[in-house]
Amino acid sequence: MPRRYKIFLAFCAATIALDQVTKLWARRLPTDARGYGIPQPVIDNFWDWRLSFNTGSAFGLFHSVDGARIFLSIVAVVAVVAIVWMLVKAADEQRWFVVALGLVAGGAIGNLIDRIAFGKVTDFIVWKYHEHEWPTFNIADAALCVGVGLMFLSEFKKEGREPVAAGDPAD
């Protein structure tokens, strides 16, 4: 098995496992009588654990759209197929790109598992600064963001290639 497949599988599997274990833990966080998560401060005015469920996608998009669960599940499956295609086309020397693919695939699969099993995604990490609060997220979301960032960085760096000078005929 080529090295890139081993790296991909390791990061993908680790992301899925960490995501699902932390979501299992998060579903046990305290809620009020209406089922809303009660904030559990980790660092006051900066970081809380708070259970919430998202029927849509990132930042609450599609949360009230009929058929969003099916649509978003199909998008996740198509994304994972595209990621596997990119993995097959990648070179073993593109380690950071392959790590990125593993993180993105793991994040997509982690949230897909929630959509299939529960009809919604479990979120529980809240970052804030006093009254300003960022959208609640989970490990899969974080892996997706880090993975996409690494993809961009690895493309700019073009692992294993010499930088092209401005005005070089290879431009």
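Predicted model: local features only at pLDDT ≥ 70, side-chain atom pairs only at ≥ 80, totals over all residues.
User: What contact do the side chains of D19 and K23 make?

Analyst: Start with the rule: a Lys or Arg side-chain nitrogen must come within 4 Å of an Asp or Glu carboxyl oxygen. Here D19 and K23 form a salt bridge, with N to O at 2.9 Å.

User: Are D19 and K23 buried or exposed?

Analyst: The cut-off for buried is under 20% relative accessible area. D19 is buried at 0%. K23 also counts as buried, with 0% relative accessibility.

User: Which residue forms a salt bridge with D114?

Analyst: The partner of D114 is R27, and their closest N and O atoms are 3.4 Å apart. D114 is in helix α3, while R27 is in the loop between α1 and β1, so this pair ties together parts 87 residues apart in sequence. D114 is buried, at 0% relative accessible area. R27 is partly exposed, at 24%. Now read the contacts jointly: salt bridges with shared partners link D19, K23, R27 and D114 into one network.

User: How many salt bridges are there by this rule?

Analyst: The count is 7. One of them joins the side chains of R4 and D92, at 3.1 Å from N to O. R4 is part of helix α1 and D92 is in the loop between α2 and α3, so the bridge ties together parts that are 88 residues apart in sequence.

User: Now the strands. How do β1 and β2 run, and how many bridges join them?

Analyst: Look for bridges between strands; at least two are needed for a pair. β1 and β2 run antiparallel and are joined by 3 bridges. Q40 has W49 of β2 as its bridge partner. P41 stands opposite D48 in β2.

User: In what sense do β2 and β3 pair, and over how many bridges?

Analyst: β2 (residues 47–54) pairs with β3 (residues 121–129) in the antiparallel sense, over 6 bridges. Follow W49 across: I125 of β3 stands opposite.

User: Last, the surface. Which residues form the nonpolar patch, and what is their accessible area together?

Analyst: A patch residue needs over 30% relative accessible area. V42, I43 and F46 make up a nonpolar surface patch, with about 240 Å² of accessible area together. Take I43 as the worked case. I43 is in strand β1. Its relative accessibility is 42%, so I43 counts as partly exposed and clears the 30% cut-off.

Note on methods. Residues numbered from 1 in each chain as written. Heavy atoms only, no water. Helix = DSSP H or I, 4+ residues; strand = E, 2+ residues; numbered from the N terminus. Buried < 20%, exposed > 50% of the residue type's maximum accessible area, 1.4 Å probe, protein only. Patch = residues over 30% accessible without salt bridge, like charges linked within 9 Å, V, L, I, M, F, W, Y side chains within 5 Å. Areas by Shrake-Rupley, 256 points an atom, 1.4 Å probe, with all protein chains shown as cover.
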